[in-house]
Amino acid sequence: MNESRKKILEMLAEKKISVDDAYRLLSVIDSTEGGRESTSKEGSAVKSKPKYLRVTVLPDPEHEHSQNVDRVNVRVPMSLIRAGIKLTSLIPSEARDKVNGALREKGIDFDMRNIKPEDIEELIGALSDLEVDVVSAKGEKVKVFVE
Amino acid sequence: MNRPPTWMFIKIQGEHRGFRLWLPLFLLLPLALVVLIILSPIILIGVIILWPSGMGERALFVLPAAFGVFCSLRGLRIDIQNRRQSVYISVV
């Protein structure tokens, strides 16, 4: 128990403050400490690097046809994604142009030559904020997240 | 670079039949190394032939890159199930 809480309880015992006042003061202390804790937790989450990309497809228990849904649970190590992206540098320029062209056709204006090792780290770092949560009409619950 | 994976577990379950397989990847690595040593003269000739076109350099980097991908497989888990069949692959 910290000093402020002790003081409030002492003041209550001495009847210097009412029960309502004590309750209000204690809740103010709680909210301040809770805020501090959550901020430190968020800070540590930002610092810790994501290790896996998870994709899950599970039946939505509230849906009537959910029993017919396929279950998928995939865990891809981030190091594999990193290694895969690095492999793009080995793609011959002709094949790379074809890939870029195909991406452009799909409306994605992206040049694979622009991928640099430092971008990979930034990309993977940005993935830590990723969270996709979709519930389909078929009764599938699709989740994409990192852990 | 990560430590190479040691085992791969594959489980395929059909409606009537299924199988489980523990693949000792740590045994495959020395085998792959022997094959690589045997094939190295051919690989070297191929790299020299391809060098003027610029593909030789890439071909030379393919092996370490492929080994990097192999080492990164540790922790991969794929689990797909439906009512009749299921596939489970895990690399440890």
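In what order do the eight strands of the open sheet run? Read on for the answer, view by view.

**View 1. An open sheet built from chains A and B.** This is a predicted model, in which local features need pLDDT of at least 70 and side-chain atom pairs count only at pLDDT 80 or more, while totals for chains, interfaces and linings use all residues. Residues are numbered from 1 along each chain as its sequence is written, and chains are lettered from A and ligands numbered from 1 in the order in which they are written. The order is β3(A)-β4(A)-β1(A)-β2(A)-β3(B)-β4(B)-β1(B)-β2(B), with antiparallel pairing. Here, strands are DSSP runs (E, at least two residues) and helices likewise (H or I, at least four), numbered from the N terminus; two strands pair if DSSP finds at least two bridges between them. At the edges sit β3 (131-135) of chain A and β2 (18-24) of chain B, each pairing on one side only.

**View 2. Two antiparallel neighbours in chain A.** Strand β1 (residues 52-59) of chain A is joined to β2 (residues 71-77) of chain A by six bridges. Look for A:Tyr52, which stands opposite A:Pro77 in β2(A).

**View 3. A helix lying across two strands of chain B.** Helix α1 (residues 25-50) of chain B lies across β1 (7-13) and β2 of that chain, at about 55° to β2(B). Angles run from 0 to 180 degrees between N-to-C directions, with axes fitted to C-alpha atoms, for helices over the stretch in contact (C-beta atoms, placed from the backbone, within 7 Å).

**View 4. Chain B, end to end.** Chain B has two helices and four strands, and its elements go β-β-α-α-β-β from the N terminus on.
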